[in-house]
Structure formats: C-alpha cells, structure tokens
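Hi,

Here is the structure I promised to pass on.

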Amino acid sequence: EIAGYIGANLAFANFLVPTLPGLFEGQRFEAVNGALWTLKIEVMFYLSLVLLGPICARLAGRRGGLLIFFCAIYVASELWRFGFENLAAREGDLFYAQLARQLPGQMAFFVCGIGLWVWKHKVQRHLPWIGGAGAVLCLASVFWPWAEFFRPLGLAGLVAWMAWTRGPRLPVTRFGDLSYGIYIVHFPIIQALIGLSLFEAHPAIGVVAAIGLTLAASLALWVFVERPALAPSSLYRQTRGD
C-alpha cells in the first residue's frame, strides 16, 4: 500500500491513492496530504498553455476575441464541475465528485488568472471596485449554491486587490520563500496533531503547534531542498529580504 501511495503521487495521481491504511482513519479527512491533488492540476494548467498560447496570440488582435474565448472556457469549466457534483449528489458516488475537481473543472480559475495578467493595466486602475466585487462574489458563493458559478471570478478580484494594492514593504522573504513549503507540509502536520487529539484537548496550543511546526518544516525544505535545487542565477537564491 505504501509503494502504491508513493507511486501514484509521484505520477501526480493523488486522487487514485490519497490515503494509507490505518493512518488518520476516522478523522474528518482521511487523506495523508489533501493538498497534493492540486499538483496534477497545476502541471496540466502549464501543459494547456501549449494549446492556449497560440490561440490567445491569434485572438489578441481581434476586438473582444480574447474575452469571448476566456468566457467560453470559464462557462464550460463551471458546467463540467456543476454537472459532476450533481451526479455525485444524486448517485451517492464520490468518484463523480473527484471528476468534478479534475480538468477542465478547474479551468475557470486559470483563465481568470490569465485574464488578470492580460488586462493588468486596466485592472490596476480599478482595484477598489474589483476587490470589493470579488469579496461580494466570494461571500455570496458561500451562502448560495447558484453563486458558486462566480467564485473563480470573485477570487480573481480578491487576488488582484491583494497583489496590486500599494502597502508597506514587508521582509517576507527574509528567511527564504516558504510559500511552497507551507503548501506542501501543512496538511499532514495538522492531520497528525488532530490524530494526537491536541486540538480537542487544547485548541489554542494546537493552533500554535500547527503554525510553528509548519513554518519550521517549510524553512527546512527551503534550506535543504528548494534553494539548493535552484540555479545560481535565480533571484530567489539571491534574496535576503530586500
């Protein structure tokens, strides 16, 4: 079982073998690392650019061409997700729920990100309005199922507002870029602490332990794995928090 788990995840197929026997059984989430399913989606996003890139380049000179193209992908993506989620609810089969999260069910998020970059100068001129609209759409998607269709658009608006709104310069990379490490290790650490009943016995200590252990493990990953693997010319290797 361990070999199968490792093999499936090395092949970016976490959805095939997300659990290990006897580990985290009976918890709300039994997956060893619930973040890993997104790795395959990320790689497939990049691969999709082989097809999307030439199409976007051809449509860029046509008035409204790119917008129509992105809207078509967005709608098709959400229809895929909505259809399989409804099948899962109707048939009681979690396999359909897994299909809903696969491509093209996540393409709405990707084309929103591409759109932000393509039209970033226009977006940056209206950040307060775009951020506010994004917050409203995200909040609505939590309370009303019909509004889930607009969640990718809402998240894009919030991300644009957070990324491009001017604010104080913080030395967030003083000890390196820990973002990927946090993404990779937080889930199994929280799962382990839940398994030890730490959150149930001492919730505040559980939160502090989860944050501390996640940051420590992420720093170790950066120092011993990520940073040495980067090219000497990489900006990340030269960053010291300036």
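Trp80 and Phe84 sit together in helix α3, 4 residues apart, or about one turn of the helix (helices are DSSP runs of H or I, at least four residues, numbered from the N terminus). Before I go on: this is a predicted model, where local features need pLDDT of at least 70 and side-chain atom pairs count only at 80 or more, while totals for chains, interfaces and linings use all residues. Residues are numbered from 1 along each chain as its sequence is written, and side-chain values use heavy atoms, without hydrogens or water.

Back to that pair: the rings of Trp80 and Phe84 are tilted, 4.8 Å centre to centre with 55 degrees between the planes. (Phe, Tyr and Trp rings, the six-membered one for Trp, pair if their centres lie within 6.5 Å; planes under 30 degrees apart are stacked, over 60 edge-to-face, the rest tilted.) Phe84 counts as buried at 18% relative accessibility, whereas Trp80 is partly exposed at 28%. (Buried is under 20% relative accessible area, exposed over 50%, partly exposed in between, using a 1.4 Å probe and protein chains only.) Ring pairs also link these two with Phe95 and Tyr96 into a cluster.

Two charges sit over rings too (NZ of Lys or CZ of Arg within 6 Å of the ring centre and within 35 degrees of the ring normal). Lys120 has its charged end 3.4 Å from the ring centre of Trp117, and Arg101 lies over the face of Trp37 at 5.7 Å.

Cheers

Methods:
Helices (H or I, at least four residues) and strands (E, at least two) are DSSP runs, numbered from the N terminus.
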